[in-house]
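Hello,

Please have a look at it first and then read on.

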Amino acid sequence: MVEKARALQARPGRPVGHATRGTTAANRMRRVDRWLAQTHASLLASEESPLIVDLGFGASHVTPLELFRRMRVPAPLAEVVGLEIDPERVRRASAFAEPGLSFRVGGFEVPTERRPVAIRAFNVLRQYPESDVPAAWSAMTARLAPGGVLIEGTCDEIGRIATWAAVDVRGPQTLTIAVNPWRIGRPSDAAERLPKALIHRNVPGEGVYELFRAADRAWELAAGLGSFSPRQRWMATANALAADGWVLGPGNRDGRVLGGPQRFRLGEMTVPWERVAPSPS
Ligand SMILES: C[S@@+](CC[C@H](N)C(=O)[O-])C[C@H]1O[C@@H](n2cnc3c(N)ncnc32)[C@H](O)[C@@H]1O
């Protein structure tokens, strides 16, 4: 992928960032939306009408619409704003606006009237240089409501594999890997879908490389369960990694249950960011 070398700069009156390919697809965000709705239910309940932003929604209104429908389950008055830096995409999506769902032009400065409790930015930073990530994260998290979360990640075309960083005003907190265990060869298949902050770090000496080595080893050791059920094999892998302190287990972090059987059975594992944080370059 060709990365644009221009620096991320705020220019008065202009959205921060630049338009990129608008590739998207229905239902590819189901894993991250489920994670947000379930693990952050108390955040979504913290306001009567919480605002959630879908930043960089792409060539179709479909993923903001799905986000809106899904968030309305735990938060019946949730509002979703689809933000996109390409005005023509916003114009086309606006035909699908409805009460609680709107579309507007904007970038990493997140120009919404209210502060969002959550921002989902998927497959956006992937097309920026790695060096832009800290500034983009800071710009977006600076706009969050107190306790809010930025979910910045990547997935494949059909949402079979997704990974994301949960970032708040303190910085990145966790990395989540979510897969369909029936459709992977081994956990490290997710490496090519890592968020931009980590995708170039899957090399010896980096935490994320060691994570995938440990995960592939545990997956091999659990091979016997695979014939019974790939889900059982994933759960055994995640349990082994939790026992070794790689992934979060059933306890809670910041009041959220991000690991343990309830999450593992969905094909997830969540890793404390400090285990995978890139080494200083
Ligand atoms: C690959 S599409 C992803 C669409 C959708 N999020 C998905 O994952 O299916 C990336 C979109 O992000 C938009 N984009 C890139 N930088 C942006 C920024 N700084 N602010 C808002 N949108 C941006 C691009 O114009 C493009 O439409």
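Where does the ligand sit? The ligand sits in the largest pocket. A pocket here is an open set of points on a 1 Å grid over the protein atoms alone, with protein on both sides within 12 Å along at least five of seven lines, and a molecule sits in it if more than half of its atoms lie within 2 Å of its grid points.

Before the details: this is a predicted model, in which local features need pLDDT of at least 70, side-chain atom pairs count only at pLDDT 80 or more, and totals for chains, interfaces and linings use all residues. Residues are numbered from 1 along each chain as its sequence is written, and side-chain values use heavy atoms, with hydrogens and water left out.

Around the ligand there are 26 residues (a heavy atom within 4 Å), and Thr-24, Arg-28, Arg-89, Asn-123 and Tyr-128 come nearest. This shell divides into 10 nonpolar, 12 polar and 4 charged residues, with Gly counted as polar and Tyr as nonpolar.

A nitrogen atom of the ligand lies 2.9 Å from a backbone N or O atom of Val-16, and an oxygen atom of the ligand is 3.2 Å from a polar backbone atom of Thr-20. For Phe-122, a backbone N or O atom lies 2.9 Å from a ligand nitrogen atom. Taken alone, the ligand exposes 600 Å², and the protein buries 99% of that (Shrake-Rupley method, 1.4 Å probe).

Best wishes

Note on methods:
A polar contact is a pair of N or O atoms within 3.5 Å; within protein, one must be able to donate a hydrogen and the other to accept it, and residues adjacent in sequence count only if both atoms are side-chain atoms. On a 1 Å grid over the protein atoms alone, a cavity is a set of points where a 1.4 Å probe fits but cannot get out, and a pocket is an open set with protein on both sides within 12 Å along at least five of seven lines; lining residues have an atom within 4 Å of a point.
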